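Hi! Here are my notes on the model you sent over, written so that you can follow along with the structure open.

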Amino acid sequence: MNFDSVELGTIISHRKGLAFKSKDYKSTGHPVVRVSNFTSDSISTSDLKFVSDEIASQSKTVELRALDIVIATVGSWPSNPASIVGKTIMVPEALNGALLNQNSVRLRVLSDSLVDQEYLFYALKNQEFSDYLVSTAQGSANQASITIKDILKYQVPWPEESVRKNITSIIGNVRKKIELNTQTNQTLEQIAQAIFKSWFVDFEPVKAKIKTLASGGSAEDAELAAMSAISAKTLDELNSLKTSNPNAFNKLAQTAALFPAAMQNSELGEIPEGWEAKQLKDVIELAYGKALKKTDRVDGDVPVYGSGGLTGYHNQSLVEGPGIIVGRKGTVGSVYWEPKAFYPIDTVFYVKPRAGYSLKYCHLVLQNLGLKDMNTDAAVPGLNRDNAYRLDVITPTKGVMNLFKEIMQSLQSNVDANNTQSASLESLRDTLLPKLLSGEIDLTSEIIA
C-alpha cells in the first residue's frame with residue numbers, strides 16, 4: 001500500500017529563528033536554543049545561552065513550544081553526521097517557551113493536532129527526508145545550507161488519520177522508552193557526581209565525625225553521623241534500618257568506618273587524615289589522539305571524535321571503550337564519556353588511568369578541575385597538557401577508593417544496560433519507521449492504544 005503524500009508547506013506554518021546578539025547573552029534568564037544545542041532528536045540543555053526577559057518579550061515570534069519541529073538550515077555535509085545540515089529535532093517539554101536562534105526554522109502543523117505534530121516529526125526523521133535535504137543543499141566543502149523553500153517542497157507521506165495515530169503510537173512508545181532510559185542514566189550520573197562531591201570535595205563523612213566528637217559525642221555517635229552523611233538518612237531512619245535490614249545497616253557502617261575522624265594539613269589545605277595531595281599527572285595520562293584524514297571518516301561504524309564532538313565514522317578503533325575524551329583544541333577542556341569503541345583524533349586527548357585509579361573516578365576528577373577555563377593559546381583555543389598535569393587532586397586511601405570503584409561499577413552497569421536497550425530500540429525504530437511510512441505494514445484496521 002502506498003500512502004498519499006502532501007507538500008510539506010501546505011500543512012505547516014514556519015518561522016525562521018532570530019539572530020540574537022552575543023553581547024545580549026547572559027548566564028541566566030530566558031533560554032535561547034542554537035543549532036549547536038541540537039542532539040540527534042532533541043535539544044541538550046548543557047550549553048544553553050540566555051537573554052533578559054526584556055529581549056525575550058520582544059522576540060515572541062520565535063518562541064518554541066513542546067513538540068515543535070526545528071530543522072537546522074546550516075550545517076555540515078554527511079561526512080560529519082553530528083552537525084549535518086537539515087538535522088531535525090523535536091522540542092522537549094523542558095524547553096517549552098525557549099527562543100529559537102538563527103540558522104534554523106520552526107515547523108508547526110496547521111491543524112494544531114498534537115498527534116499530527118508528533119507524526120510529522122517521525123515522518124521527517126525518515127532517512128528519505130535527510131537524503132532529500134542533502135541533495136538540495138548548497139555551499140562550500142566545509143559548510144552546507146538549505147533553503148526554506150526547498151524544505152517546504154518536500155512530499156510528506158500523509159495517510160488517513162487513523163494510520164497517522166497508529167504510527168505515532170508505535171514509534172512514540174519506542175521514543176518514550178528511549179527517553180526514559182536517557183533520563184534514568186542522567187539521574188544515575190547525578191548520583192555518581194553527588195557521591196564524588198560528598199566524599200572527595202566536601203569530605204562530608206569525615207566532617208560529620210569531627211563535628212560529633214567535638215560536641216562531646218562518642219565514637220559510636222561519630223560513626224552514626226558519618227553513616228547519616230553517606231546515606232542521607234536521619235538517625236531515626238538509621239535505627240529503623242538496623243532493625244528492618246541489618247545487612248544494609250552493617251554495610252553502611254563498614255563504609256563509614258573507612259573514613260577517618262580527623263583532618264591533616266597539606267599544601268592544598270586541610271584534607272582527611274591518611275589521604276594524599278597529588279597532581280593530575282599521578283592519576284591519569286592524557287594521551288594524544290591520532291591524526292586521521294577526513295576522507296577516512298566516511299565508512300565503518302566506529303565513531304571518530306574531535307574536540308567539537310562526533311566528526312564521522314571509521315572502520316577501526318584507537319580506544320576499545322569505555323573511554324574519556326578531553327577537548328585539546330577548539331572546545332577546550334570538554335570532558336566526554338564514550339561507552340563504546342572510538343577513534344580520537346589529534347584535537348583531543350583520551351584518558352589512561354594510572355594504576356589504582358578507576359576510569360569513572362578519573363572521569364569525575366576531570367569534571368571537577370575546571371579544565372574549560374585553562375585556555376593557554378591565543379590564536380586557537382587550546383589546553384596545554386603540562387599545565388593540566390600540574391593541577392592538584394586529592395586521593396583517598398585504598399579502602400575508600402576500592403569502595404567507590406565498586407559503587408561506580410554498579411551504577412555504570414545499570415547505565416550500560418539502559419544504553420544497550422536503547423540501542424536495540426533505536427534499531428527497531430529505524431527499521432520500522434520506513435516500513436510504516438511506506439504502508440508496507442498495514443495499520444488501517446484499528447487504532448493501536
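1. Ground rules. Keep in mind that this is a predicted model, where local features need pLDDT of at least 70 and side-chain atom pairs count only at pLDDT 80 or more, while totals for chains, interfaces and linings use all residues. Residues are numbered from 1 along each chain as its sequence is written, and side-chain values use heavy atoms, with hydrogens and water left out.

2. The main core. Start with the nonpolar cores (a core is a set of buried Ala, Val, Leu, Ile, Met, Phe, Trp, Tyr and Cys residues joined through side-chain atoms within 4.5 Å). "Buried" here is under 20% relative accessible area, "exposed" is over 50%, and "partly exposed" is in between (1.4 Å probe, protein chains only). The largest core has 45 residues, and Val-326, Tyr-361, Leu-366 and Phe-404 have the most contacts inside it. Several elements each supply at least two of its residues, including helix H5 (161-201), strand E19 (323-327) and helix H12 (398-438). H12 gives the largest share, seven residues. Helices (H or I, at least four residues) and strands (E, at least two) are DSSP runs, numbered from the N terminus.

3. What does Phe-404 touch, leaving aside neighbours within four places in sequence? Its contacts (heavy atoms within 4.5 Å) are Ile-195, Phe-196, Trp-199, Phe-200, Tyr-361 and Leu-364.

4. A buried lysine. Have a look at Lys-209 in helix H6 (residues 204-214). Is Lys-209 buried or exposed? With a relative accessible area of 2%, Lys-209 is buried. Beyond its neighbours within four places in sequence, Lys-209 is in contact with residues including Ala-222, Glu-223, Phe-259 and Pro-260. Glu-223 also forms a salt bridge with Lys-209, the closest N and O atoms being 2.9 Å apart. A salt bridge needs a side-chain nitrogen of Lys or Arg within 4 Å of a carboxyl oxygen of Asp or Glu. Glu-223 sits in helix H7 (residues 219-231) and Lys-209 in H6, so the pair ties together parts that are 14 residues apart in sequence. Glu-223 itself is partly exposed, at 26%.

5. Other salt bridges. The structure holds 16 salt bridges. In one of them, Lys-125 meets Asp-41, with the closest N and O atoms 3.0 Å apart. Lys-125 is in the loop between helix H2 (114-124) and helix H3 (127-136), and Asp-41 in the loop between strand E3 (30-33) and strand E4 (49-51), so this bridge ties together parts 84 residues apart in sequence. Both turn up again in a salt-bridge network that links Asp-41, Lys-125, Arg-429 and Asp-430.

6. An enclosed strand. Why call strand E17 (residues 302-306) largely enclosed by the rest of the structure? Because five of its five residues are buried. Val-302, Val-304 and Gly-306 point one way from E17, and Pro-303 and Tyr-305 the other way.

7. Partners of E17. Strands count as paired if DSSP finds at least two bridges between them. E17 pairs with strand E18 (residues 309-314) in the antiparallel sense over five bridges, and the two form a hairpin with two residues between them. With strand E21 (residues 343-344), E17 pairs in the parallel sense over two bridges, and there Val-304 stands opposite Tyr-343.
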